[in-house]
Amino acid sequence: GETTDFELLKHQLSDPDIKDAQIINWLHEFRASVAYLTKELEQLVSLLLKLPWLRRSREVVEEYLGFLGNLVSAQTVHLRPCLRMIVSQFVPPRITIRDDDVDISDSDDDDENLSENFNTCHRALQTVARYVPSTPQFLMPILVENFPFINKSERTLECYVHNLLRVTVYLPTLRLQILELIIEKLLKLDVSTPQQDIEDAEETANNSDSEEKSTEEGLFDMEEDEERKGNKVVSSSSERMAHPLAERLDILMTILFSYIKDICHVDGKLDINNTKDLYRDLVSVFDKLILPTHASCHVQYFMFYICSFKLGLAEAFLDHLWKKLNDPNNPSVIRQTAGSYIGSFLARAKFIPVVTVKACLDLLVNWMHKYIDNQDTGANAYCDVALHGPFYSTCQAVFYTLIFRHKQLLDGNLRKGLSYLQSLNFERIVMCQLNPLKICIPSVVNLFAAITRKYQLVFCYTIIERNNRQFIPVVRSGTGGDLVQTCTNPLDSFFPFDPYILKRSKKTIDPFYQFWEELSAEDLENLKKPIKRGTSEDEDDDFLKGETPQNDGVVGIAPNSYESNTRSPLSSIGSPPDCYVPY
């Protein structure tokens with residue numbers, strides 16, 4: 001019952017000014033008597049785990065690692081607190097700054113020894129894992145609960161994600177779960193920052209920058225270009241994103257891309273086995289998290305990037321998406337999204353050759369013809385998104401691919417190319433009772449119509465016009481007068497590989513990315529040749545004049561306007577404009 005000495009010992013251990021020699025002595029004693037540190041002495045063990053061992057001399061670190069090994073092997077009951085202590089060191093330490101008598105806690109981002117401390121933490125984790133084989137299953141929940149909140153400083157998030165990815169190297173059984181955790185957090189960041197918000201923030205920043213430069217030269221160069229040591233992503237003021245969440249997402253995407261590259265390449269050469277294993281993990285994360293998420297802008301590019309390493313991977317990915325689309329047991333919304341991914345991937349990935357594009361078009365178009373065989377007569381043979389969503393999504397994917405790839409398909413041998421396109425029999429698809437032109441996004445339909453007319457594959461305009469007469473505009477009264485809107489995206493579709501706008505990580509994607517090439521003047525002339533129709537002179541139709549009820553491609557959905565994702569995908573940077581072709 002004598003507790004005086006015990007209290008004194010606890011007091012000494014919790015003393016912030018404890019000397020290195022004292023720590024070493026105590027640790028030495030505890031290592032010898034580790035058998036007595038049972039569950040009853042939890043309080044003492046928690047004090048030992050709070051010792052400031054990381055920022056001490058080499059001897060202290062070595063002694064402490066030895067102590068940890070002894071402790072977890074003798075008393076597994078302390079495994080969780082040990083793991084918690086190690087994982088809590090995965091971010092820069094918190095320091096308290098006094099500001100006008102107020103204590104502000106902040107992360108110490110400029111700690112010189114940060115990367116060395118991280119190395120020591122990983123050594124500690126490996127030591128524990130060596131002594132206790134069940135470490136991974138206890139570690140994962142701790143990694144999840146310690147993940148910093150997305151509003152924490154960029155540096156904190158960057159360090160934590162970097163360290164998580166390092167754990168996957170020596171605890172490979174955790175790789176899938178860790179990737180899932182990271183990508184889930186990235187998705188949260190991604191969907192909280194719609195592309196429009198990022199673009200607006202950049203524009204505002206550019207405007208204010210130019211004003212500041214003219215008035216106060218050099219006063220705001222706080223964020224000087226600094227090559228950051230260790231694992232810090234190099235950040236210069238020109239590369240910073242104006243939107244704070246976009247900035248975090250950009251840094252973390254850069255880390256994820258470099259991780260994928262490092263795992264797949266050994267000594268600069270692609271290692272097929274590593275790549276295949278990582279691809280499998282990423283595809284399962286893609287299925288679980290990305291595919292069910294509507295309109296994420298950037299995170300899905302990890303699939304785009306790994307597929308660029310080898311054509312076999314890109315084909316496997318397309319095959320995987322095709323199976324999703326083709327399987328009637330999948331929910332309609334997942335099948336539609338798979339269709340969007342196929343179209344966007346075929347159109348945008350430079351590394352996919354024309355042969356593969358043709359093979360995919362054959363698959364998709366044959367499926368569409370079979371679908372029409374089954375559905376074009378009978379009770380369901382009418383235009384309805386709820387009934388035929390996957391069919392319309394596939395049509396849109398094919399039209400979109402053709403818009404981007406028609407020049408390549410016709411390159412070299414024009415006659416052969418044209419006979420191939422004729423063999424796809426677009427006329428039947430366009431003319432069928434299901435009426436895909438009514439459902440697909442207008443900008444895609446208009447460009448598809450212009451291209452197919454130019455090569456005389458199918459004449460879509462009579463149908464487009466009939467559809468436009470059937471559209472019921474919704475009049476909404478607002479302060480600025482009545483606004484007429486039509487629902488121009490009934491599929492609620494989006495193009496997952498639309499232009500990537502995060503500045504740092506963009507550099508990784510751009511070399512493989514097919515940007516939309518503006519139509520040349522000659523092409524536009526060809527596409528705009530009017531076709532005479534028997535209309536009376538005074539018939540006032542805004543569509544014939546090339547005007548549309550929407551405002552500049554900002555499309556509203558009836559009844560609620562949901563502009564960020566429904567504006568024609570093509571009205572974003574580097575995409576085909578909404579071109580309404582006059583008849």
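Predicted model: local features only at pLDDT ≥ 70, side-chain atom pairs only at ≥ 80, totals over all residues.
**Group meeting: a walk through the helices**

Residues are numbered from 1 along each chain as its sequence is written, and side-chain values use heavy atoms, with hydrogens and water left out.

Overall numbers, then. Of the 583 residues, 49% count as buried, where buried is under 20% relative accessible area, exposed is over 50%, and partly exposed is in between, with a 1.4 Å probe and protein chains only. Now contacts, meaning heavy atoms within 4.5 Å. If you take those with a separation of 6 or more, 74% come from residues 24 or more positions apart.

Let's go to the core. The largest nonpolar core has 165 residues, and Ile260, Phe302, Met303, Ile306, Phe345 and Phe391 touch the most other members. By core I mean a set of buried Ala, Val, Leu, Ile, Met, Phe, Trp, Tyr and Cys residues joined through side-chain atoms within 4.5 Å. Helix α11, residues 244-264, gives the most to this core, with 13 residues. The core also draws at least three residues from each of domain 1 (1-94 + 113-142) and domain 2 (147-205 + 241-309 + 497-527); those bounds come from an automatic or database domain assignment. As for Phe391, leaving out residues up to four places away in sequence, its contacts are Trp367, Met368, Tyr371, Ile372, Cys432, Leu434 and Pro436.

Next, a helix pair. How do α15 and α17 cross? The axes of α15, residues 332-348, and α17 come within 8 Å and cross at roughly 5°. Axes here are lines fitted to C-alpha atoms, for helices over the stretch in contact, with angles from 0 to 180 degrees between N-to-C directions. Under 35 degrees counts as roughly parallel, over 145 as roughly antiparallel, 65 to 115 as roughly perpendicular, and the rest as oblique. So α15 and α17 are roughly parallel to each other. On the α15 side the meeting residues include Gly339, Gly343 and Leu346, and on the α17 side they include Gly389, Ala397 and Phe404.

Phe404 sits in α17, which runs over residues 385-410, and is buried at 11% relative accessible area. Phe404 and Glu517 are 113 residues apart in sequence but 8.8 Å apart in space, C-alpha to C-alpha.

Quick look at α6. Its buried residues, among them Leu114, Phe118, His122 and Leu125, pack against α4 (58-74), α5 (79-88), α7 (135-146) and α8 (154-170).

Buried or exposed, what is Asn435? Asn435, in the loop between α19 (426-431) and α20 (436-439), is buried at 7%. Gln456, between α21 (442-454) and α22 (461-470), counts as exposed at 69%.

Methods: Helix = DSSP H or I, 4+ residues; strand = E, 2+ residues; numbered from the N terminus.
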